[in-house]
Amino acid sequence: MKEERRKRSNSDGGMHHMKLGTNKACAMLSAAALLLTAACSGAGGGSGGESGGSKAADTAEMSPDGKYAEPVTIRIGYYNPGDVKWPEGSNDTLTDNRYTRQIEEKFNIKIEHAFEVPQSGYDEKVSLLISSNDIPDFLFVNEGQFKILAESDMLEDLTDVYQSTASPLLKDVIAGFGPEFLKKVTYDGKMVGIPSTVPAHDNDGVVWIRNDWLKNVGIELAPTITVDDLEKAARAFITQDPDRNGKADTYGIQSTSSFVTSTIGYNSLDLIFTAYKAFPKIWTKDASGQIVYGSTLPEMKQALAKLRDWYASGLLDKEFGTIKPDQFAKDISAGKAGISMGYTWAPMKALADSVKNDKNAEWGAYMLTAADGKLYARQPNPMGRIMVVRKGAKHPEAIVKLINLFTEIDNNKVPGLYADSPGTNWTVRPIQGTFRTKNTVLDRFQRFQDAAAGKLKREELPLSDQGILDNYLKGMDVLKDSPQDWAYVLYQLFGGKIPLSPNVVEIYSEYYGITKTMELKWANLTKLENEAFVRIIVGDKPVDYFDTFVSEWKKQGGDEITQEVRKEAERLR
Amino acid sequence: MEPKRIQLHYHLMLLPGMIVLAVFHFYPMLGAVIAFKKFLPAKGIWGSPWVGLDNIKFMFQISDSREIFLNTITIASMKIVAHLVVPLLFALLLNEIRIRYVKRWVQTIVYLPHFMSWVVLSVIIVNMLSLRGIVNQALGLFGIEPILFLGSNTWFPFVLVGTDVWKEFGFKAIVYLAALTAINPALYEAAAIDGASRWQMMRHITLPGIATTVVLLLTLSLDNVLNAGFEQVLNLYNPLVYASGDVIDTYVYRVGLVQSQYGIASAVGLMKSVVGFVLIVLSYQLAARFANYRIF
């Protein structure tokens, strides 16, 4: 189930060819031109232009940072980020914190949560509200939901609002992802959504290994490892009592039932697939340059065969197929497992508890590469969730003002309001999407590396990052008393080294959308795929069952969908 | 004249229940037309365009619709039988206990799980049935190799039935216990005087005394033959056991809510209701013939 949801949110909209940097202004111009033609062709529709026109009279309200004379309340859909750490001694809550207070003071905007659900239930909640035609005024939706909303004419036209109220910075950030970005949120010539952005390398994969265990079993690993190195370490972790407690109670490679995703997941096996140059769950190009589905290529079979061997010999957790994704960290926290494959930022969620429970735990970041020494990092869809406004909602420009504010924070133009408390999750803010430029993540990693090497002065770092550098300079052992701070430094300064490596190759899906046949048949094909992979690994089916899977997949709609994807990708090019 | 007026009373008393039934059960049934439409939320149920039988046709084209139907029927039938037999046995045994407070305590304890949600229970069950969990440790004492219950297509249906029965049998036994109290104690006294053993009393007085209730509950449960327990399956299954555990409801959930294909999801749901309806009519006929039980 999770798998599909992930698949879905990863196939949300977006584009993959980014021609960045050289001529931002040109990109801006073409985006503006696009909007202009969009506005003209949309004029036949009427309503959009008129409602914009009447409001445009009030310039303070429509300007990017103007304050309302009367308080304006906006209702927004919200997911609860889970355990939130507020700064010591503050009484902040999700609805009353530094962000909401600043927004009220600056814009005279009050924020109400139309609903609050756990993060994992957000997409479902939104789908439910859409199907009952009961969406709140302001809402982040994924591309599948966006499509339904737009087709059903449930969204407010934001074309004029965006023109008048979006700050130059926001327009710049969005235009930086190329003209396709706006094309994706334009429907019938009207812009009906504001896309949040996902910078490249935000989710690159890192193999986290307990260095103290490696020392105990006498293995030395280079920062760049191969599948064989990983196998060696996993075997030693099972057989050689790495925690020195005299019991054979430690495990090798961990995973969960969502072990294969379109980018990377916690304790997933995604890095093993890319180490075999297999790109499951995304649309990739075959040798002849045709778009094909990555899960059906022969490299996938090799990777599965390897995992099958590991499973049979016990290197891969026997139970991985039955573990729910949200329980991924239990053996790691308990100090029973010393290998975790996941994100650069995995320490924040997966590793902090292991240090809390065992001060001796030392985690190192390793880069798992393919035979040619490269890490093929599948990149997330550059387009995140899309902010939409319900048709007929009052003050659509209010949301743009908020987005302007957070765009400034996201791009370090102004400091984040919780810069003094690195443990406070960014998702506590009312706008739960980011509007960062494509290079935001890499730039930040690079700044930390430069600062650590003394090439960059402390004062040259953004305010929020100075505290993290200070923490780093205190030394990792001291930091373990505050596991969240420890984890953040591990993420930024150690995990962050890996995406900076020249051996990282960016892999984008050739297509992120949903085609007509996919709407009908994708649930079924995903089931076929997930079931085939897991059953091959656990030995329920022979390795050659992969070929049966491929032919079944093609027969049951895969071929048809592939044709559609080729056509769509061509159209969007 | 007199009998008719008394009947009117009863009908009036029925009215609130009928209204609730109409509002919450009959009215939503009209929504089933979505099965023949391409549902667009903004246009609403009635405004959405018709697509004829497309959704139904598609449902039968799904390659594993057979698997899903079979899984559902297998799991649900096993549950129906188990839910009939286990609470009945339990009620009979409990009825034989003469110490009142023991009886009360046991009854209270066994029906507690009924009030727990599957979300909570699933976490407990996953832990208990894991390779290093308590069940496998116990099996290990007998030299049995650990079994991956939640990842094995052989075991998974039994896990579903077993845990569901464990959760519900205490609660379901209440109905039987109530039926047992309705048996005239004079019958037992008479049997005792005639020298009947307790086994004979159970065989000839207790069982015939509650036979009607058993048949009634069986009849009422037959429409569940396509309900394999959505919440439970959703919380316990994973791709490894799709082959034995993916049921109609989980499929509808994935297609309908996750993929937003409301039309197809409704078509499957409608199909389920039609089969359920046929079954309940059928089982009513059977009940009328074999247990002389009639509602109408």
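I count two strands as paired if DSSP finds at least two bridges between them. Helices (H or I, at least four residues) and strands (E, at least two) are DSSP runs, numbered from the N terminus.

The model is predicted: local features need pLDDT of at least 70, side-chain atom pairs count only at pLDDT 80 or more, and totals for chains, interfaces and linings use all residues. Residues are numbered from 1 along each chain as its sequence is written, and chains are lettered from A and ligands numbered from 1 in the order written.

**Sheet, chain A.** I looked up β8(A) first. It is joined to β13 (residues 363–368) of chain A by 2 bridges, and the strands run parallel. A:Thr224 has A:Met367 of β13(A) as its bridge partner. I then traced the open sheet of 5 strands: β8-β13-β7-β12-β9 (chain A), with mixed pairing. β8 (224–225) and β9 (251–253) of chain A are at the edges with a single partner strand each, so one side of each lacks a neighbour in the sheet.

**Interface.** I counted contacts (C-beta atoms, placed from the backbone, within 7 Å). 32 residues of chain A contact 25 residues of chain B. On the chain A side, α23(A) gives the most, with 10 residues.

**Helix α4 (residues 65–96) of chain B.** I checked its length. Its 32 residues should span 46 Å at 1.5 Å a residue, and the end C-alpha atoms are 47 Å apart, which agrees. The expected span is 1.5 Å times one less than the number of residues. The buried residues of α4(B) pack against α5 (100–111), α8 (156–181), α10 (198–222), α12 (242–245) and α13 (248–258) of chain B. Buried means 20 or more other C-beta atoms within 10 Å of the residue's own, with C-beta atoms placed from the backbone.

Key. Contact = placed C-beta atoms within 7 Å.
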